[in-house]
Amino acid sequence: SPESSSINSKNEGIEFHQGKIFFGENYLASSGVYTSKPTKIVNEQFILLCVRAPVGKVNFLNRKICIGRGLSGVRGLGKINKDYLYYLLKTYESYFNKEATGTTFKAIGKDTILDTIIPLPPIEEQQRIVEKLNSILPLIDEYGKEEDELVALSQNFPEEIKKSVLQSAMQGKLTKQ
């Protein structure tokens, strides 16, 4: 990480990120923190991988930044679709968590990342996989939201029925029927 004396919020230097606090759904948000003495610099070619508490979260980059100890920049060598690598790394989150060590907080090191086996189909197949994921992931997200709503409804249903019956009784709307 850069020296703490070089860290500022005055837009002096290059944007700095230490952990996943500014991770978005897919893209990294601005931190508002900068360093005038950058150490590790990554750009749009890299995918950010959180290597310390929490381990395994990933985000795309759309600009050049400086990263600290809690992050690693990952990129493919040779013919690898960046979106394919992103989705693949997302599936490795539980693996990275199992490999993490530490007492104060869990972390993975460079060797864990480098020793990770990456299945690499031909570039055309990588593209087909990415296209399929891009088409079905929004449906999966929508299904998840609908499922959450259904669970909430089913949990609240007995209590809502009691309230409705009690209100009808108080208003004299209940009959023998």
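## A tour from the cysteines outward

A disulfide is a pair of cysteine sulfur atoms within 2.5 Å. By this rule the structure has zero disulfides. A disulfide is a covalent bond between the sulfur atoms of two cysteines.

This is a predicted model: local features need pLDDT of at least 70, side-chain atom pairs count only at pLDDT 80 or more, and totals for chains, interfaces and linings use all residues. Residues are numbered from 1 along each chain as its sequence is written, and side-chain values use heavy atoms, leaving out hydrogens and water.

Stop 1: Is C50 buried or exposed? C50 is buried, at 0% relative accessibility. Buried means under 20% relative accessible area, exposed over 50%, and partly exposed in between (1.4 Å probe, protein chains only). Now pick C66. C66 is in no disulfide. C66 is also at 0% relative accessibility, so C66 counts as buried.

**Stop 2: the largest core.** Select I47, L49, L89, F96 and I108. Of the 20 residues in the largest nonpolar core, these touch the most other members. A nonpolar core is a set of buried Ala, Val, Leu, Ile, Met, Phe, Trp, Tyr and Cys residues joined through side-chain atoms within 4.5 Å. Next, color β5 (47-50), β6 (58-60) and α1 (82-91); each supplies at least two residues of this core. Helices (H or I, at least four residues) and strands (E, at least two) are DSSP runs, numbered from the N terminus. Which element gives the largest share of this core? That is α1, with six residues.

Zoom in on I47. Not counting residues up to four places away in sequence, I47 touches V58, N59, F60, S72, G73, V74, K82, L85, Y86 and L89. Contact means heavy atoms within 4.5 Å.

Then select F23, L28, L61 and I65. They are among the 10 residues of a second, separate core.

**Stop 3: two helices.** Show α1 with helix α4 (residues 123-170). They pack at an angle of about 60°, with their axes 9 Å apart. Axes are lines fitted to C-alpha atoms, for helices over the stretch in contact, and angles run from 0 to 180 degrees between N-to-C directions. That angle makes α1 oblique to α4. Angles under 35 degrees count as roughly parallel, over 145 as roughly antiparallel, 65 to 115 as roughly perpendicular and the rest as oblique. Now show the side chains. D83, Y84 and Y87 in α1 meet Q126, I129, V130, L133, N134 and L137 in α4.

**Stop 4: two backbone details.** Most residues other than glycine have a negative phi, and most peptide bonds are trans. Go to P54, in the loop between β5 and β6. The peptide bond from A53 to P54 is cis, with omega near 5°. Then find N11, in the loop between β1 (7-8) and β2 (14-17). N11 is not a glycine, yet its phi is positive, about 65°. N11 is exposed, with a relative accessible area of 51%.

**Stop 5: along α4.** Select S135, which lies in helix α4. S135 is partly exposed, at 41% relative accessible area. Draw a line from its C-alpha atom to that of G68: they are 34 Å apart, and 67 residues apart along the chain. Finish on E149, also found in helix α4. E149 counts as exposed, at 51% relative accessibility.
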